[in-house]
Amino acid sequence: MQPIELIVNGERLSAAVDPRTTLADFLREAADARSVHLGCEHGVCGACTIVVDGRIARSCIALAVALDGAEIWTLEGLGADPVIAQLRASFHECHGLQCGYCTPGMLVTAREILRRHPAPSEAVVREALAGNICRCTGYAGIVAAVLHAAENLAEGEIPPL
Amino acid sequence: MAVATAPDRKGIGGSIRRIEDARLLSGRSTFIADIGRPGIWEVAFLRSPVAHANLVHLEKPAGAEDRVFFLADLGAILPIRADSQAPGFRRSDYPAIADGKVRFVGEPIAICLGRTRGEAEDLAQAVLVDYDELPAVADIAQSRNPDLPPIHPGWSENVFLESRVDVGDVDAARAAAALSLTRRYRMNRQAIVSLEGRGVVTYRDERTGELVVYSSTQFPHVIRTALAECLGMKERELRVVAPEVGGSFGVKNNLNPEELALAALTRRTGKALRWVEDRREHLIASAHAREHRYEVTVHADGEGRVLGLEATIEVDAGAYSVWPWTAPMEAGMAIGFLPGPYAITSYRATALTCASNKSPLGPYRGVGRPGACFAIERTMDEIAAALGLDPVEVRLRNYVRPDQFPWKSAGGKTYDIGDYGASARAARDMIRPERVAALRQEHAGSDWRIGIGYATYLEQTAHGTAEWVQRGLPVVFGYEQAEIHMTADGMLVMDVPIQNHGQGLETTLAQVAHDELGIDPAQVVVRHGDTSLAPYGMGTFASRSMVMSGGAVGRACEALAAKIRKIGAHLLQVTEENVRLKDGEVVAAGGASVPLAEIAMAAYLHPERLPDTVEPGLSVIASYRTARDTGAWSYGTHAVLVAVDTGTGLVEILDYAIAHDCGTIVNPMIVDGQMMGGLAQGIGTALYEEMPYSEDGQPLASTFMDYLVPGAPEVPRARIEHLSIPSPITRYGIKGMGEGGAIPPPAAICNAVNDALRPLGAAIDETPLTPDRIIRALMAPQAGEAGA
């Protein structure tokens with residue numbers, strides 16, 4: 001077991017972890033971050049997407065021990081973020097979810113898309129969502145939701161987390 | 001997506017936003033992996049690495065005897081036995097854990113426990129197994145090879161069932177035909193891929209005396225019945241709960257060996273257990289789908305009217321018959337649906353359900369019909385091409401006409417109502433075939449070839465007793481129940497045994513309640529997926545829940561409304577005939593009103609306010625079945641415009657249009673969502689998804705790097721038109737529609753690709769239409785000659 005200390009959703013978290021523990025498993029167990037969904041555990045489906053030191057990352061293919069000292073945000077910690085709030089409203093308005101399993105990863109990824117592209121085209125949104133699999137919606141509602149959020153967000157730069 | 005609906009409508013017909021969204025958008029709802037118990041053990045299954053072998057020796061790792069379990073350690077337990085009632089069916093017993101023999105790669109051999117999944121997997125690696133390997137049956141052709149060993153004891157050949165249809169006079173059709181064509185089609189094997197895998201949590205509830213089984217399943221009550229039988233327990237000793245379910249599409253609609261294994265082990269040891277399927281397990285060991293082969297001969301007159309149809313259908317159903325569907329379901333659906341929307345009266349076909357050393361075949365969105373639709377719709381295009389006719393025109397000449405309903409099909413089905421031609425004309429109008437010539441001109445001289453394709457589908461939905469009896473299953477899914485009650489403060493709680501795994505049923509059932517009770521959908525709570533909450537019911541599959549559960553909820557609400565009106569009229573001091581339910585109140589003709597909350601308070605807390613003839617309480621249980629139980633038939637036509645890159649073999653979808661009829665639409669937004677989701681899966685079948693096996697029965701796709709699921713760039717937004725002819729046999733005229741979107745895309749896209757390649761003399765009749773297959777089709781000798 002190896003001691004690590006990181007900041008998860010604004011709170012300092014110290015723990016001893018087995019070196020093979022993935023960041024996703026660690027966050028789910030130690031930080032009760034059940035929004036971190038596991039759809040493939042090999043870095044393809046995007047359901048476990050979180051924010052590590054300001055960049056989105058797949059928590060299923062990172063090891064917790066390698067993230068000692070990192071600052072991490074999962075959807076649990078983003079309740080007060082106005083971009084996530086708008087995205088949630090837009091996903092609801094545009095029927096951007098069905099079973100809800102891919103949804104946390106979609107929201108975190110979508111926030112990053114809007115940060116990089118404040119007024120994205122549909123093609124940009126689709127390309128940027130290529131790493132997030134949804135098996136229910138056929139993506140139409142998700143793409144519409146991201147575009148809807150872009151239109152309805154207040155002007156101004158979106159800060160990284 | 002053009003949706004004609006009054007935006008303020010909350011009841012049937014309104015695109016209200018979903019009630020279930022908030023908890024899912026929070027990310028905090030409870031899926032199977034989120035359920036824990038103090039002291040819970042994580043489960044890893046040791047799974048067979050070989051396709052076919054006798055297990056000659058099994059040995060637990062030293063010191064881990066209490067954490068590794070074989071079949072003999074599970075106590076009295078019956079195998080899963082999914083017997084078809086069809087004469088000639090060969091039985092397969094599917095054990096929870098291998099019983100001395102393994103029959104496919106991925107079959108469970110041992111249950112291993114650890115404090116983490118990693119520890120449990122370590123243990124699985126340390127179990128010693130001696131395999132005496134047997135030759136594997138890895139292909140349909142091999143299932144009839146007498147030199148290969150029988151997969152199950154006592155079998156004379158590796159075939160579950162052979163069935164036949166012979167109606168009308170095919171020989172006369174052949175003699176009279178101006179055109180007879182024979183074509184071969186293949187729809188290859190797929191995984192199903194819910195984004196959340198399967199999973200099971202089991203523990204003992206000492207207070208209630210129940211063995212509690214949480215399972216990511218589509219039908220908890222039916223699972224309880226099956227588990228009770230296999231475990232020799234009383235149903236009351238079992239509670240089955242489906243928590244939030246992260247997609248299903250059929251793969252969570254079987255009694256799985258893992259459910260049985262965990263339940264048996266908890267019963268035996270008292271340990272709380274959790275198994276969460278990983279992606280590799282899902283791809284190799286969850287039920288698979290499709291794998292159909294067809295040889296179709298069609299006889300037509302000079303105008304393209306079909307006079308007779310002949311077919312040989314072969315399906316590779318894998319190693320076991322899955323409960324409750326049975327192995328022959330897939331081929332049985334294919335043979336029953338092959339005549340499709342066409343008025344074909346002479347039909348002769350054989351359907352062979354082969355067994356192999358592969359993962360068992362189970363239901364997947366569309367069940368049997370994507371293959372049957374592929375075969376008949378490709379054939380309609382072949383008739384059109386051979387006669388130089390427009391493919392839509394050939395279809396219009398052959399559809400069952402609106403004045404011919406109810407239509408008894410040559411496949412033995414009874415279609416309720418429809419206007420198939422209207423869907424084809426609408427789809428053609430949307431896709432605008434007149435622009436193809438200009439597009440071809442534009443791309444002349446490049447590698448890009450433009451093609452247009454159509455496919456019409458039928459989707460039998462909400463079929464009841466007659467249909468399931470005809471299919472010979474162990475369970476007859478003939479009805480649905482609902483139990484509703486109003487709380488003392490006037491909210492409506494509906495307990496239903498169906499299961500919501502993305503379909504938005506909590507919203508649409510609340511819309512039904514709104515129409516019956518005038519209650520705001522926001523005041524309605526739908527609870528599902530728990531045998532301890534809801535009365536017995538069949539679950540969510542076969543596009544049945546909106547019709548069946550909607551019908552049950554409607555009937556229950558109707559009865560509750562009568563009681564509420566009685567109480568309301570009494571409180572308002574008017575006669576019952578002079579009140580109605582509106583906007584959460586009972587309203588008298590003169591305008592005086594009393595809110596539901598006040599009526600509920602009287603019903604529960606102030607019986608002195610009730611009329612003498614009314615019993616206290618506001619609860620109703622109701623059952624529903626359709627007026628005729630042969631199914632409500634949705635249908636539609638898909639039209640697609642593609643570009644095929646003859647250099648790389650890539651297919652690009654340029655435009656996609658859908659015209660469909662699912663009867664009365666409860667929520668157009670949700671219907672469009674279901675249609676788009678089905679389309680995405682249909683595109684997967686058509687272009688990307690395949691579960692190939694090696695000659696010795698090794699699955700060759702075990703990650704998302706080699707099993708390709710469509711992403712956002714691959715799925716265009718389709719334009720959808722709703723025709724909406726109400727079903728005459730269901731309450732509200734609703735027809736189910738959960739599967740239709742997935743049925744015709746392989747046919748429509750393959751027709752479009754063939755339309756694009758036809759000038760080059762190339763043809764392709766196998767899904768998925770991978771670049772590799774398209775290039776090989778282009779290199780086939782006849783393509784070279786025609787192209788030269």
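Is the crossing of helix 10 of chain B and helix 11 of chain B left-handed or right-handed? In this predicted model, local features need pLDDT of at least 70, side-chain atom pairs count only at pLDDT 80 or more, and totals for chains, interfaces and linings use all residues. Residues are numbered from 1 along each chain as its sequence is written, while chains are lettered from A and ligands numbered from 1 in the order in which they are written.

The crossing of helix 10 and helix 11 of chain B is left-handed, a term used if the near helix is turned anticlockwise from the far one by less than a right angle. Helices (H or I, at least four residues) and strands (E, at least two) are DSSP runs, numbered from the N terminus. Helix 10 (residues 391–398) and helix 11 (residues 420–431) of chain B pack at an angle of about 165°, with 9 Å between their axes. That makes helix 10 of chain B roughly antiparallel to helix 11 of chain B (over 145 degrees, on a scale from 0 to 180 degrees between N-to-C directions). Here Val392(B), Arg395(B) and Leu396(B) of helix 10 meet Gly421(B), Ala424(B) and Arg428(B) of helix 11.

Next comes the sheet of chain A. Five strands form an open sheet with mixed pairing, in the order 2-1-5-3-4; two strands pair if DSSP finds at least two bridges between them. Strand 2 (11–17) and strand 4 (55–58) of chain A stand at the edges, each with a single partner strand, so one side of each is left without a neighbour in the sheet. Strand 1 (residues 2–8) of chain A pairs with strand 2 of chain A in the antiparallel sense over seven bridges, and Leu6(A) has Leu13(A) in strand 2 as its bridge partner.

Chain A is divided into domain 1 (2–77) and domain 2 (79–152), with bounds from an automatic or database domain assignment. The centres of these domains, taken over C-alpha atoms, are separated by 22 Å. In domain 1 of chain A, 12 residues are in contact with 11 residues of domain 2 of chain A (C-beta atoms, placed from the backbone, within 7 Å). Strand 3 (residues 49–52) of chain A gives the most to the domain 1 side, with three residues.

Finally, the two chains meet: 38 residues of chain A are in contact with 37 residues of chain B. Helix 2 of chain A gives the most to the side of chain A that touches chain B, with four residues.

Key. Angles under 35 degrees count as roughly parallel, over 145 as roughly antiparallel, 65 to 115 as roughly perpendicular and the rest as oblique.
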